[in-house]
Amino acid sequence: MSAQVEIREVTRDYTLAGGLRRTVTLQALRGISLTVGRGEVVGIVGESGSGKSTLMRLLLGIEQPSTGTVAIEGRAIGSYDRLARARLIQPVFQDPYSSLNPRMSIGAIITAPLEVQRWGSAVARRERVRELMAAVGLPQRLAEVFPAQLSGGQRQRVAIARALAGEPKILICDEPTSALDVSVQAQILNLLVELQRRLDLTIVLVSHNLAVISHIADRVAVMYLGEIVEQGPTDEVFSAPRHPYTRELLNAVLLPEPDFRLPELNLKGEFPSPTAPPSGCAFHPRCSRASAACSTLPTPISLSGSHWALCHHPL
């Protein structure tokens, strides 16, 4: 499988006001490396503050890394002009209402990227909109209505149709179901799975919901405080986690069973500040398995081929 997205030793720092005319550096990403193959679905999971959204902005070219490289199809993402990048890679955002212009009809919203890219004639664009609406399961009669008149699930289908309008090769999905009712989430996930297979899309799916990742992703990368601490095939990572943090994430999932008690987590202390990350393994101050060695720089330990964890004491 050829690489379509390549992230190499990427860091992303932000300078913040620290009071008394001082500044502090927030290390949002710390040495991230990740490869996504053509036609692959890779999930990125982690708590709030782990760097998932920052990584998404770098993949979309909205921001540039402080150090390291982000390459799409062998070229640095910063070397693409805005339209070329938009033709290649498109986002699907978390909240389908705030990401849609409330003053535009559904048909106009889906048409807009085609007009920006000067895609075909007006007749061809109208036909393309009909095709896209059918592809995402939207009745043609909705082309003339406005986002406020749709349900949350229908709005997210519009957002997906708009993202697919210019025939991109890569979708970056940022929590695409978190703003939806539970009953609608599975429909949107199944739609993404169907479209990915039919169009041979490459998808990077950012989520804190492990169930969403397990449903759609081929591989998963687990992030903690700006680093990828575990990576591997989704089934392997979820069934046999190697990093203690991944195990605690899985243990924290609430099951819909009346007799199931709240999960007991083996975490010590508080989530550390990204302005002062711990030395060595960032998770070691909270880890029940930590030793003195964990305060030094950890080395990835390869386990069962492509499944590895950044840990001195893997499970």
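A residue is called buried when its relative accessible area is under 20%, exposed when that area is over 50%, and partly exposed in between, using a 1.4 Å probe and protein chains only. The buried residues of helix H1 are Lys52, Thr54, Leu55, Met56, Leu58 and Leu59. This is a predicted model, in which local features need pLDDT of at least 70 and side-chain atom pairs count only at pLDDT 80 or more, while totals for chains, interfaces and linings use all residues. Residues are numbered from 1 along each chain as its sequence is written, and side-chain values use heavy atoms, with hydrogens and water left out.

**Helix H1**
- Helices are DSSP runs of H or I with at least four residues, strands are runs of E with at least two, and both are numbered from the N terminus.
- Helix H1, residues 52-59, is mostly covered, since six of its eight residues are buried.
- Just after H1, Gly61 takes a positive phi of about 80°.

**Helices H5 and H6**
- The axes of H5 (residues 152-164) and H6 (residues 182-199) come within 10 Å and cross at roughly 20°, where an axis is a line fitted to C-alpha atoms over the stretch in contact and angles run from 0 to 180 degrees between N-to-C directions.
- That angle makes H5 roughly parallel to H6, because angles under 35 degrees count as roughly parallel, over 145 as roughly antiparallel, 65 to 115 as roughly perpendicular and the rest as oblique.
- Contact means heavy atoms within 4.5 Å, and here H5 contributes Gly153, Gln156, Arg157, Ile160 and Leu164, while H6 contributes Val184, Gln187, Ile188, Leu191, Leu192, Leu195 and Leu199.

**Nonpolar cores**
- A nonpolar core is a set of buried Ala, Val, Leu, Ile, Met, Phe, Trp, Tyr and Cys residues joined through side-chain atoms within 4.5 Å.
- The largest nonpolar core has 55 residues, and Ile110, Val158 and Ile160 are those with the most contacts inside it; its largest share, seven residues, comes from H6.
- Apart from this core lies another, of 27 residues, among them Leu59, Ile72, Ile77 and Val206.
- Not counting residues up to four places away in sequence, Ile110 touches Val129, Leu132, Met133, Val158, Ala161, Arg162 and Ala165.

**Gln231**
- Gln231 lies in strand S10, residues 227-233, and is buried, with a relative accessible area of 9%.
- Leaving aside neighbours within four places in sequence, Gln231 is in contact with Ser33, Leu34, Arg219, Val220, Ala221, Val237, Ser306, His307 and Trp308.
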